[in-house]
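Open your viewer and get ready to select residues by number.

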Amino acid sequence: MRQDQDKADLSILRQNGRVELKMSSHPATLRPVRVVAEDFCRDAGMDARQAGEVGLVLNEALANVMRHGYDGADDKPIQVTFQLQKDAVRIDIRDWGKCFDPEELPRNAPPANPEAVTPGG
């Protein structure tokens, strides 16, 4: 188990209202990264609900990188940057996973009832 956790690398650099994270694609990094994101958003003036929603979106985006971009490999690099802008929080995610062509996605009509769409599709 210890060997598996060694792959869960995370470094945090805080500088001039900006936070830069360098992390591995190990799922154990998701929780601490989400905490950093939510703290950053609260410090930027968001309430707890808003910060939690940003944390959830970031968690899902990173999980997609891990699952689809890196095919589950848990030792690949990901960088996340948080930056306070005039009236917004900017979050950039950088990965080196496999690419896909959005033009190859099926073109389905939007659902008649968007509320009926379940997570994951």
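Is Gly17 buried or exposed? Gly17 is exposed, because its relative accessible area is 51%. Here buried means under 20% relative accessible area, exposed over 50%, and partly exposed in between, with a 1.4 Å probe and protein chains only.

Before moving on, note that this is a predicted model, in which local features need pLDDT of at least 70, side-chain atom pairs count only at pLDDT 80 or more, and totals for chains, interfaces and linings use all residues. Residues are numbered from 1 along each chain as its sequence is written, and side-chain values use heavy atoms, with hydrogens and water left out.

**Stop one: Gly17.** Look at the loop between β1 (10-15) and β2 (18-24); Gly17 sits there. Helices (H or I, at least four residues) and strands (E, at least two) are DSSP runs, numbered from the N terminus. Now show the contacts of Gly17, meaning heavy atoms within 4.5 Å. Leaving aside neighbours within four places in sequence, they are Phe40, Phe82, Gln83 and Leu84.

**Stop two: His26.** Select His26, in the loop between β2 and α2 (30-43). His26 is buried, because its relative accessible area is 7%. A polar atom of its side chain lies 3.0 Å from the backbone nitrogen of Ala28.

**Stop three: the core.** A nonpolar core is a set of buried Ala, Val, Leu, Ile, Met, Phe, Trp, Tyr and Cys residues joined through side-chain atoms within 4.5 Å. The largest one has 17 residues. Elements giving two or more residues to this core are β2, α2, α3 (48-69) and β3 (77-85). Finish on Leu58, one of those with the most contacts inside the core. Not counting residues up to four places away in sequence, Leu58 touches Val33, Ala37, Val80, Phe82, Ile91 and Ile93.

Definitions and conventions:
Polar contact = N/O pair within 3.5 Å; in protein donor to acceptor, adjacent residues only side chain to side chain.
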